[in-house]
Amino acid sequence: MPILFYNENGIAAPTLKTDPMPFDGITRFCFGASYTVALLLELFQLLRPRPALRLAALGFGGAGLLAHTIFLAAQRPPLSSQFGSLLLIAWILAVFYLYGSVHYRNLAWGVFVLPVVLGLVALTSAVPPDEDPHGRIVPALDSLRGERFWSFVHGTLLLLAAVGVCIGFVASVMYLVQARRIKAKALPNTGVRLLSLERLEAMNRRAINLSFPLLTAGVVVGIVLMLQGPHPALDWTDPKSVGGVLLWLVFALLLYLRYGVHLRGRRLAQLTIAAFGLLLFTLAVSHVPVQGGP
Amino acid sequence: MMLLAVGCNFRNTAVDLRERLAFADHQLPRALSELGVRYGCEAVILSTCNRVELYLARLSAPVALSADLVAEFLGEFHGLSANDLRPHLYEHLGVDAVRHLFRVAASLDSLIVGEGQIAGQVKQAYELAKKHDSVGPLLHGLFQQGRLVAKRVRTETGIARGHISVSSAAVDHVKQVFSHFGDKTILVIGAGKMGELTLRHLKQLKPRRILVTNRSLDKAQTVAEGCNGTAIPWGQLDDVLAGADIVLSTTGAPDVIVSAERWRRVQTKRSGRPVVILDIAVPRDFDPAIHDGEETCLFNIDDLMRIREHTLADRLKHVGPAEGIVEQEQRRFVKEWTRRSNGPIIARLIQRHDSKRAVIVRGLLERLDTRLNGVMTDEARAEIEGAFRLYQNQMLHEPISALAEGTPDGGSHTLLEALRKLFRLEE
C-alpha cells in the first residue's frame with residue numbers, strides 16, 4: 001500500500017516505501033560501541049597486561065571495523081559531505097589501528113589510535129548527513145562525469161591528506177609521551193610501551209611529506225572548482241576557504257621548519273598536533289557543495 | 001629405585017670451596033666413569049659457577065647411596081678431606097631429588113631467579129653424561145622431564161621476563177630512542193670491564209662504526225681491536241662526542257669529564273640530533289643536568305640498576321605459580337616412573353597367584369568329580385573357577401592399586417620391598 005509523505009509545502013506526495021535494506025540495522029552506534037569497548041580493553045591491558053585482553057581488544061576492534069565497513073558499503077554516504085568524509089577517515093584509521101596492533105603486539109598502539117577513530121565517529125553526530133524521507137542517508141551518485149569527477153578528485157585528495165595529518169597527529173602524541181617517559185627515566189618495558197623516538201619521528205615525517213602534496217593538489221582543484229562554479233568569486237571570509245588555506249600554510253610551515261630550520265622533536269610534534277586541530281576545524285566547516293555526488 | 005642428589009651451591013658453600021669442588025670439562029668423563037665403576041649407578045654431574053651437584057640413580061640398591069659416599073668420592077677426586085666436605089653437602093633422596101632437579105632446571109634455585117642459563121647447563125650436563133654412557137633409564141627420564149619442566153615454567157609464568165644485567169638494561173634504554181642502528185656511531189669512553197660487556201651487547205645492534213677513546217691511546221687501541229672499532233686520541237673527545245649517537249662511558253676518572261658547560265659546546269655542533277649516553281662509570285663521567293629526555297638522554301648506573309631491581313621484584317611474583325608447576329610435574333614423574341618400574345613385579349605377582357589358583361581349582365574339581373560321581377555340569381565348573389578368579393582379583397586389587405599409584409613420599413619403594421618379601425617374588 002502506498003504511503004504518503006509530505007514535502008516542505010505540506011503537499012502530499014505518493015511514495016512507495018521501499019523494503020528495509022539487509023544492513024539497515026548496522027548503525028554508527030554499533031561500530032562506535034565496538035571501538036569504545038576495544039579502547040577500554042586496551043586501557044585495562046595497560047594496567048594488567050594479559051594476552052587474552054589484547055586478543056579481546058583486537059576482536060572488538062575487528063568487529064567494529066567490520067560493522068563500519070558494512071555501514072559505509074550499504075549507506076554509501078557521499079565523500080563530499082562532512083559526514084561521509086569523517087566516517088571514511090575514521091575507517092582508514094581503524095584499519096591503521098588493527099594493522100598496528102597486530103604488527104606491534106607489545107605496544108600501546110590502540111590507546112593512541114582508537115581515541116582519534118572514536119573522536120571522528122563522534123564528530124559525525126555534529127554534522128548529520130542528508131537523509132531521504134525514509135530516514136536513509138542520501139547515497140553518493142554512481143556517475144562521475146564532468147564537475148562531479150573533479151569534486152571527487154578534490155574530495156579524495158583532501159581525504160588522503162587528512163588521513164596523513166591524523167597519522168602525523170597520532171605519531172606526534174606518541175612522540176611526546178615517549179619523550180616524557182624518557183625524560184622521567186621510566187623503565188623501558190613497563191607501562192605505556194611505544195615505538196622509539198626515531199621511529200615515531202620518521203612516521204610523523206612520512207605522514208606530513210605525503211600529505212602536503214595531496215593537500216596542495218586538493219586545495220588547487222577546490223579553488224578551480226569554486227572559480228568555475230555558479231558564484232565564481234572566492235569569498236576569503238568563508239571559514240572553509242580560511243580553514244583550507246590556513247591548513248596549507250601550517251603544512252608549508254611544518255615542512256619549512258623541518259627541512260629549512262631543521263626543527264626536530266617536541267616542537268615539531270606540537271606543531272603537527274596544532275595542524276590536526278586545524279584539520280578538524282576545516283573538516284567541520286569545509287567541503288565542496290556538490291550535493292549527492294563525490 | 002634409588003635416586004640421590006648430593007651437592008653444594010652458593011647458599012651453603014663459599015666460592016673458594018666451590019671452585020675446588022668444580023669439575024673442569026676434561027675431568028668430567030673420568031668422574032662419571034669412576035662413579036659408575038665404584039657405585040654401579042647412573043650418574044650426571046652438574047658443575048657451574050654457582051653449584052656442584054651429583055645426581056646418582058640405581059634401580060636396585062644392595063648398598064644405599066648416600067651423601068657420605070659422595071663426600072668420600074669428591075674428597076678423593078679433588079684431593080680434599082671427606083670429613084671437611086661433608087658439612088657443606090646437601091642431600092635429596094627419591095622424590096625430593098626429583099623436585100630439586102626440577103627446581104634447579106626451572107631456575108627457582110638460582111642466585112638470580114628466572115635466569116635462563118641454568119636450563120642450558122642442566123641440558124649440557126645430561127648430554128655429556130649420555131655421551132659417556134653414564135645415564136640409564138631413570139636419569140634419562142628425569143633429565144628429559146627436567147627440560148620440559150623448565151620450558152613450562154618459562155612459558156607459563158613470567159619468571160624469565162625482563163632484563164637483569166646492566167648491559168641488557170642499557171640496550172633497552174637505547175632502543176627507546178633509536179630503531180635503526182646501521183647509520184649510528186657508538187663512542188666508548190674509557191676501558192672499564194663493565195664497559196666491555198655492555199659494548200658486546202651494543203655491538204649486537206650492528207652499528208655503523210665504533211669509536212674508542214681513552215686517556216691512554218694504547219688501551220683505547222686494545223679495546224678498539226676487540227670490537228672492530230677505531231681508537232681516537234683523548235684530545236679529540238669533543239669532536240667525536242659531536243658525531244656520536246650512542247655514548248658508553250666507563251672511565252675511572254675521579255671527577256666529571258663532561259660538565260654541563262662542555263656539553264652545551266658539544267651540542268652546538270650536533271644540530272639537534274639525539275644522543276643516548278650510558279654513563280656506567282662510578283664516579284659519573286657526565287653531569288646529570290644535561291639529561292633532557294629528547295636531544296640528550298643520559299642514563300647512569302643507578303638508572304640501569306633500577307631495571308634489574310624491578311625485574312627481580314616482578315619475577316618473585318611468579319615463584320609461587322612456578323613452584324606449583326614443579327610440584328605437579330614431580331608428582332607426574334614419580335607416578336609414571338612407579339608405574340613403569342612396578343610393572344614387572346605386578347605381572348609376577350599375578351602370574352604367581354594365577355598358577356597357584358589353577359592348581360587349587362584343578363584339585364578341588366577333581367575331588368568334587370569323584371565325590372559326585374561325575375555328575376557336575378560344565379556350568380558348575382565354570383562357576384567354581386570364576387569364584388576363585390574373582391576372589392584372587394579382589395584380594396590383589398588393593399596392593400596392586402597402591403603400587404600403581406605410588407606415593408609422593410616415595411613409599412612405593414617400601415611397598416615393593418614388602419610385596420617381594422611377603423610373596424617371595426624374587427624366587
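**Sheets and chain contacts**

Me: Start with chain B. How do strand 2 and strand 3 pair?
Reply: Strand 2 of chain B and strand 3 (residues 51-58) of chain B are antiparallel, with six bridges between them. Helices (H or I, at least four residues) and strands (E, at least two) are DSSP runs, numbered from the N terminus. Two strands count as paired if DSSP finds at least two bridges between them.

Me: Before we go on, what am I looking at?
Reply: A predicted model, where local features need pLDDT of at least 70, side-chain atom pairs count only at pLDDT 80 or more, and totals for chains, interfaces and linings use all residues. Residues are numbered from 1 along each chain as its sequence is written, while chains are lettered from A and ligands numbered from 1 in the order in which they are written.

Me: Back to strand 2 of chain B. What stands opposite B:V44 in strand 3?
Reply: B:Y55 does. A hairpin of three residues links the two strands.

Me: Is strand 2 (residues 42-47) of chain B mostly covered or mostly open?
Reply: Mostly covered: six of its six residues are buried. Buried means 20 or more other C-beta atoms within 10 Å of the residue's own; exposed means 12 or fewer, and partly exposed is in between, with C-beta atoms placed from the backbone. B:E42, B:V44 and B:L46 point one way, and B:A43, B:I45 and B:S47 the other.

Me: What strand order does that sheet have?
Reply: The order is 2-3-1-4 in chain B, an open sheet of four strands with antiparallel pairing. Strand 2 and strand 4 (90-93) are the edge strands.

Me: Which helix packs on it?
Reply: Helix 2 (residues 28-39) of chain B, which touches strand 2 and strand 3. Its direction makes about 145° with that of strand 2. Axes are lines fitted to C-alpha atoms, for helices over the stretch in contact, and angles run from 0 to 180 degrees between N-to-C directions.

Me: New topic. How many residues of chain A contact chain B?
Reply: 16 residues of chain A are in contact with 22 residues of chain B. Contact means C-beta atoms, placed from the backbone, within 7 Å.

Me: Which helix of chain A gives the most there?
Reply: Helix 5 of chain A, with four residues.

How values were computed: Contact = placed C-beta atoms within 7 Å.
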